[in-house]
Amino acid sequence: YKLSVSPEMDIMEYCRKEWRGNTPAAKRMRKGYEAVAQKFASIRRIRGDNYCAFRATLFQALSQATQLPRWLQSEDFTMLPENLLSKYDWIKQWQLRKKPGKRMGEIRDEIKEYLVLLRQKWKNISEIKGPLEKQEACDKLFKNEEEEYSLYEALKFLMLNTAIELYNADKSGKRVPVFSWLLFARDTSSNPCQLMQNHLNHIGHSGGLEQVEMFLLAYALQYTIQVYRLYKHSTDEFITLYPNDPEEDWPVVTLITEDDRHYNIPVRMCQETML
């Protein structure tokens, strides 16, 4: 059995184990890890199976959650699948995990179930006061494969909903963030239907999240995702924010990547950083 989120380990110890050589790449990685170690003491490895961006982001969001986000509180949150399927027939082609080719009603009910689960888990964990107990609850959730993957399906559907909102806003002449143009400027995703068929349906199976989809995830969750991109150390892309002009009231989660494909998480902020 593979752990989804492995136990924490000292960041510099992890770095020394992973990057021993004297190649330029190894030196840059060590410098990158040193910079992260100014802020965080430990690292937790995230299981790499094309869901790692979801896993790292959601784990960080839940482990510091103190309340249910506004969008999760709204009455019509769980009606999303019904509302979208009634407007967009093509959503019938949504690929449920391990269950290709489901009928429309089954898709609607199943996604609704995932959204209900997301709200319930977020609510339960955010109500836990003690940091140790909260951490234990997160660890337990990410050991339950069935629930964990159901939550990723919920995130994917929220990304689709956000993409549809942005696409429609742009078409009706409203201002949209720059990444939204980039998202729909790709040959493979010139509209939300193509985005679903060529990208969202494949996340977790044959690929992970591309850069532009990290922005979409951040918008769907209304979280700022701050990423230490270690291979970009000593450039101005070393710390990248998704979105790069975040709303002030969005909470921030921090991830680490060595290659923009796999993500791990830094934990335990150093005391002086917190002050």
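Reader: What makes E213 and R186 buried or exposed in this model?

Author: Both E213 and R186 are buried. The model is a predicted one. The relative accessible area of E213 is 1%, and R186 has a relative accessibility of 15%. Buried means under 20% relative accessible area, so each of these two values meets the definition.

Reader: Why is the pair E213 and R186 called a salt bridge?

Author: The closest N and O atoms of E213 and R186 are 3.0 Å apart. The rule asks for a Lys or Arg side-chain nitrogen within 4 Å of a carboxyl oxygen of Asp or Glu, so the pair qualifies. Side chains of opposite charge can pair when their charged atoms come close.

Reader: Which residues is E213 in contact with, leaving aside its neighbours within four places in sequence?

Author: The contacts of E213 are M159, L183, R186, H199, I203 and G208. Contact here means heavy atoms within 4.5 Å.

Reader: How do you know that E210 also forms a salt bridge with R186?

Author: The side chains of E210 and R186 meet at 2.9 Å, N to O. The limit is 4 Å, so this pair also counts as a salt bridge. E210 is in the loop between α10 (192-198) and α11, while R186 is in the loop between α9 and α10, so the pair ties together parts that are 24 residues apart in sequence.

Reader: Why is E210 called partly exposed?

Author: The relative accessible area of E210 is 41%. Buried requires under 20% and exposed requires over 50%, so a value in between is called partly exposed.

Reader: How many salt bridges does the rule give, and which residues do shared partners join into one network?

Author: The count comes to 19 salt bridges. One network, joined by salt bridges that share partners, consists of R47, D49, R55, E145 and E148. Another salt bridge links D139 and R44, at 2.9 Å from N to O. D139 lies in helix α7 (residues 131-141) and R44 in strand β2 (residues 40-44), so this pair ties together parts that are 95 residues apart in sequence. R44 counts as buried because its relative accessibility is 6%, under the 20% cut-off.

Reader: What makes the largest nonpolar core, and which residues have the most contacts inside it?

Author: The largest nonpolar core has 76 residues, and those with the most contacts inside it are I91, W94, L118 and W122. Helix α8 (residues 145-171) gives the most to this core, with 13 residues. Residues of a core must be buried, of a nonpolar kind, and joined through side-chain atoms within 4.5 Å. In soluble globular proteins, nonpolar side chains tend to be buried together. I91 touches L84, L85, I107, F157, L160, I164 and M196, not counting residues up to four places away in sequence. A second, separate core of 13 residues includes I11, Y14, V36 and F238.

Reader: How do you know that α8 is largely enclosed by the rest of the structure?

Author: Of the 27 residues of α8, 19 are buried, so the helix is largely enclosed. From its first C-alpha to its last, α8 reaches 39 Å, close to the 39 Å expected at 1.5 Å a residue. Just after α8, G173 takes a positive phi of about 85°.

Reader: Why is L182 called exposed?

Author: The relative accessible area of L182 is 52%. L182 lies in helix α9 (residues 178-185). Together with V178 and W181, L182 forms a nonpolar patch on the surface, with about 330 Å² of accessible area together.

Reader: What is noted about phi at S234 and D260?

Author: S234 has a positive phi of about 65° although it is not a glycine, and D260 likewise has a positive phi of about 65° without being a glycine. Most residues other than glycine have a negative phi, and most peptide bonds are trans. S234 is exposed because its relative accessibility is 65%, whereas D260 is buried because its relative accessible area is 13%.

Reader: Which residues does a cis peptide bond join?

Author: A cis peptide bond joins Y242 and P243, with omega about -10°. P243 lies in the loop between β4 (239-242) and β5 (252-257).

Conventions
Residues are numbered from 1 along each chain as its sequence is written. This is a predicted model: local features need pLDDT of at least 70, side-chain atom pairs count only at pLDDT 80 or more; totals for chains, interfaces and linings use all residues. Side-chain values use heavy atoms; hydrogens and water are left out. Buried means under 20% relative accessible area, exposed over 50%, partly exposed in between (1.4 Å probe, protein chains only). Patches are made of residues with over 30% relative accessible area and no salt bridge: like charges are joined within 9 Å, nonpolar side chains (Val, Leu, Ile, Met, Phe, Trp, Tyr) within 5 Å. Accessible areas come from the Shrake-Rupley method with a 1.4 Å probe; for residues, only the protein chains shown count as cover. Helices (H or I, at least four residues) and strands (E, at least two) are DSSP runs, numbered from the N terminus. The expected span of a helix is 1.5 Å times one less than its number of residues.
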